Amino acid sequence: MATTAMADTPVLTVYTYDSFVSDWGPGPAVEAAFEANCGCDLQMIGAGDGAALLARLKLEGSRTDADIILGLDTNLTAAAAETGLFAPILMTANYNVPGGWTDPLFAPFDWGYFAFVKNAEIESPTNFRALADSDFKIVIQDPRSSTPGLGLLMWVKAAYGDDAAQIWADLSDNIVTVTAGWSEAYGMFLEGEADMVLSYTTSPAYHLIAEGDASKSYAVFDEGHYMQIEVAGKLASTDQSALADQFLQFMVSDVFQSIIPTTNWMFPAVTPIAGLPDGFPNALSAAQSLIFSPTEAAALRNVALTEWQTALSQ
Amino acid sequence: MLALHKVQFRQGDFTLGADLLIPTGARVAVIGPSGGGKSTFLNGIAGFIATDGGQVLWQGQPMPDHPGLRPLSILFQDHNLFPHLNVMDNVAIGISPDMRLSQTQKQQVRAALDQVGLSDKSASYPRDLSGGQQGRVGLARMLLRQRPLLLLDEPFSALGPALKDEMLDVLRQILHVTSATALMVTHDPKDALAFANQAILVADGVAMAPQPIQQLFDAPPPALRAYLGHWT
Amino acid sequence: MADRIIAIILRIILGGAVLAALLLFSIGTAVAVATQGLGLGRLGVADWSAIRFTLWQACLSAGLSVTIAIPVARALARQNFLGRQALITLLGAPFILPVIVGVLGLLAVFGRAGWISDVLTWTGFAKLSIYGAPGVILAHVFFNLPLATRFLLQGWSAVPSERFRVVQSLAASPWAYFRLIEWPLLKSVVPGAFLLVFLLCLTSFAVALAVGGGPRGTTIELAIYQAFRLDFDLGKAASLALVQFTLCGVVAVMAFLVPLPQTDGLGLGRLPQRLDASGHRGVDFMWITISAAFLILPLGAILIRGLGHIASLPHQVFTASITSVLIALASTVVCISMALGLSLAFARRGQVARNLAEGMGILGLATSPLVVGTGIFLMIFPFAHPMTFALPITASVNAMMALPFALRVLMPAVRETYADYLTLRCSLNLTRWVWLHRILLPRLRRPLGFAAGLAAALSMGDLGVIALFADPDLQTLPLMLYRLMGAYRMDQAAAVAVVLVAQSLALFWMFDRGGRGYAGSP
C-alpha cells in the first residue's frame, strides 16, 4: 500500500498568469513553500495574463486539469462565476482589503491601486481634469488587450460617471500612445518617451527596494485610485478537492503573503506579521479607494469601452 | 587598323598583355586554352574592362572610354537577347535603344531580319525561337548597326555542326556587305580555319600578334600545340 | 514505367501531405475555433473599420518599403565597397528582431527622448513626434525595407552580366537602360516582394500598437484579440481569421496576375563588373548611407542599451538559449522539408499549379497566432494534453511562418535544376537516389542554405504560440525577454535582446555560409 502511495504523489494543478510563475515572480518561492508540507506536486502553469487565463478556462470547460485558478481580478470574476465551473470556497481569513471581502467563490491573494508613475522630482497634476488641461504626456495600455488598460477605463468611469467620455476626449492630446501590454508602456516610460505611465502605486517600490533607485514616484490623484483585487478560486471539477482547499488556506497564510510584496509588487491580501517591507507605499483611505463590484464592472465594461473608442478616435 | 599599343587589361587578379596590330577588314580567329584570357581580350577591346596601361586605337584615334561610343558591335555566347522584347525590338535596339524608330529605321530593321531569314518571326519572342534562330537575331542586330569592328565571343559554340555552318555563312554575308573587321573567339580549330585568315593566340596572359592562320596551325608554338593535342 | 508511376504517385502524396498540413494549420484551426464558438460570428462596425485600417496600413507600408527598396537594392547591386557583404547580412536583422525590441531601438533614435529629438531640442526646434500613423509606417518600413531590399537585390544579381554589357555597348540612355534591364527585373520581383511585406504587415499586431496605438489604429489581429479575451466570442474570432485569409488570398491572386517573365537559362554567375558604377556613385552612396543609418542606428541603440547588462543575466539565459536554438533547428527541418516537398511536387507543373502551391504556402503568413494556437489546442484537447506537444507545435507553427520565404527561394531553383539537368539524368540513366543526392541537393545547396538561415532566424525571434501552451519547463529567449520586462527588469531584457539578435544572426550566417561553402554551386 505504501508503495502505491509513493508512486501516486497527488498533483495539484494551478493555472495562473505568466508573470506569476516567471523566475522573477512569486511562483518559485510559493511552490517550494507549499511542497515542503503538502506531500504533493504543485504544478503552476502560466497562461498569458488574467484575461487570457479566463479564456483558457472557458476553452477547457469542466474537462480542465486545473484544480485552482489564481490571478483573475474583480473585473473578470462576474464572467468567471457565470461559467458555473467554480466551487464555493470554505476558508476565510483576516483580509486587509479596502472595502472588505465577501465573495462565495473567490478568495483574494493581493491587491493594488492603479496610478500614474512618474519621475519623483516632477510636479504632476493631481486629478484627471488637471492632467487633461496640462501638457503632460502619458502612455497607457489598450483596455482590449491589457488588464491595467481596462482598470484605467474603470477608474475614469468610477471617478467621473457620465462625464467619462468628456474626460477621455480632453485627455486624448496627452496620450502619446496606447500599447498592447503593460511591458511596452512601462519600457517606453523608462526610456523617456512620456512623463507618466499607467501602472501601480507599488511600482516605485520596485525601483527603490530592488534597485536602490528612489527616483520614481506616483502621482496622487484627489478623485481616488481604482483598485485591482487579484483572486483565486477552486474548480468544481477538481479531483483534489481537499488539496485545493489546503492550497487556498496556504494562500492566505503568512508564508505565502510574505512572498507577495517583493515578487508580485502588490499589497498582500493579509498583512504579513512582519509588516510590509521598508519602501512600500501606504494604503489609501477607504474614500480614496475606488472599485466597482464585479457585477457593476461587467455591466459597465462595454459602455466604457465604446466611450473610450469614440472619444479617442476623433 | 585596330592597334593595341602595349595594353594591359586587368580583370580582378588576372592581367592580359597585348601589343599588336590588326589590319582593317581582317578576319581574325582568337584561339587558345580555356582561362588563357580570350574573353578578357575581347571584353577589353569592347571597353568593358579597364586598361592598366597602353592604348587601344582605331584608325589611329584612341577609342572612347564608354563601350557604347566605340565603333564596334559585340555578340556573346548567351544572353544577347532580352526575353521580354520581341524579335523586331531585339534587333531595333541596335540602332535605337529607346525603341523609337523612324519609318526609315523600321525599313532597315526589316531588311536586316530579311537578310538573316527571319522576316516571318519579327513578332515572336526569344523563348519561341530555336537556338539557331536566336543566333540569327543577334547577327541581324550586328548587321543593322553597321559598325566597322565586330567582336564575337563564341557565339555559335552551343550549336550543332550544320547550324554552325549556317551561322558562319550568315556572318560571312554580313562581313561581305559591311566590310567590317571581325574578331571571333572560338575553341574549334575547324571553325577558325573556315572563318578566319588570321589568328591570334591568347595564352598565359599574353595575346600574341596575329599570324596567317594556316601558318600558325602548321607550326604551332608549344602553348598552342598543348591546346590542340592531336588535331592535325 | 512502373517506377515512373510510383515516382509520380509519391510526389503527389508528398505534395498533398504538405498542402493538407498547411490547410489544417491555417483554415482547419479557424474552423475548429468556429465550431467551438457554435458557428461564425457577425462582424460589427468596429470590426469593419479594423479591416479597413489593416488594409490601409499594410498597403502603405508594403508600398513604401518596396519603393524605397528599389534605389537601395540598385545601389547595392551596382557598387562594391568595403563592408558591403556585412551590410547585406545585417539587412536580415530587423526581420528577426522581436517587435518590442525593434520598437524600443527605433524610439531610441526617433522617439520623443531619442537622438534626433535631442539634436532638435538642442538646436532650438520642437521634439520629433512619430506616434500615430507615421510611427506605424516608420516601424513597418524599418522591419520590412531590409527584407524587400534583399528580395530585389536577388533579382538584380539574377540578371546575366552579358545583358548589362549588351546595354552598355548600345550606348543606351538611362530610359532605355530602365526599359531593357530594370523594368523586366522589377516586374518579376516587385509583386512578390510587395505581397510578402503586405502579408507581414497585415498580420502584424504589436508593431501597429506600440507606436501608433489607440482606437484609431485597430488592426484585425487586435480585433481577434478582443474577441477572444474580452468577449470570448470564438465565432467572431474565427470570422475575423477567415476575413484575414480572404484578404491574403485576394492579394495573392492580384500579385500573381502580373505575368512572371521566363528565365532563359542561367547566367554565368560571375560578379558583373559594372562599368556604370562610377557614374552613379553619388546617388548610390546617398541611398546606401541613408538606409544603413536607418538600419544600424536603432540596432546600435539596442546594442548599447543591452551590452553592459549581459554579465548580470541570470543563468536561465543558457537554458532559454538552448531551447530557442533547438526549436529553431526543428522548425528549420520542418520548414525545409515542406518547402522541398512542395517544390519537388510542383516545380515541374505549369505556372498556375506553381502559383497555387506558392499561394498555399502563403497561408502560413496569413494566420493569426492566437487563432492557430487556440485551434490546435481545441483539436488536441479531446485526445491528449496540449502542453505535451508545446515543442513540436511551436516548431511547426514557426516553420509555417517561414515557409513562404523558403518557397520563394527554392521553387525556382528546383525548376531550373530540372530544366538544366533532366536530359543529363535521362541520358546517364541515373537512379533516383543518385539524382537527388548527387545532383539536385548539391545544386540547391545555396538556396537551401539561405532558406534554412531565414527559417532558423525567424523561429529564434518569434514568441510564437509557445506562450499559449505554457509548458512551465520551456522558456525561449523571446519569452524570457517578455517575462523580464513584465518583472520591471528592462535592463536585463535589453541584454537578452542582444543575446537573441546575436544568436539569430549567427544561425542565419551559419546556414547561409554553409550554402555558399561549396565551390561548385553557382
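**Two exercises on helix packing and chain contacts**

Helix 17 of chain C passes helix 19 of chain C in a right-handed crossing (the near helix is turned clockwise from the far one by less than a right angle). This is a predicted model, in which local features need pLDDT of at least 70, side-chain atom pairs count only at pLDDT 80 or more, and totals for chains, interfaces and linings use all residues. Residues are numbered from 1 along each chain as its sequence is written, and chains are lettered from A in the order in which they are written.

**Exercise 1.** Work out how the axes of helix 17 and helix 19 of chain C run relative to each other.

*Step 1.* Start with the two helices, residues 390-428 and 445-461 of chain C: their axes come within 9 Å and cross at roughly 165°. Helices here are DSSP runs (H or I, at least four residues), and axes are lines fitted to C-alpha atoms over the stretch in contact, with angles from 0 to 180 degrees between N-to-C directions.

*Step 2.* Helix 17 and helix 19 of chain C are therefore roughly antiparallel (angles over 145 degrees).

*Step 3.* Now look at who meets whom: residues including Phe405(C) and Leu410(C) of helix 17 meet residues of helix 19, among them Phe450(C) and Leu454(C). Contact means C-beta atoms, placed from the backbone, within 7 Å.

**Exercise 2.** Find how chain B relates to its neighbours, chains A and C.

*Step 1.* Chains A and B share no contact, and their closest C-alpha atoms lie 48 Å apart.

*Step 2.* Chains B and C do touch, through 20 residues from chain B and 22 residues from chain C. On the chain C side, helix 8 supplies the largest share, 6 residues.

Methods. Angles under 35 degrees count as roughly parallel, over 145 as roughly antiparallel, 65 to 115 as roughly perpendicular and the rest as oblique. Two residues are in contact if their C-beta atoms, placed from the backbone, lie within 7 Å.
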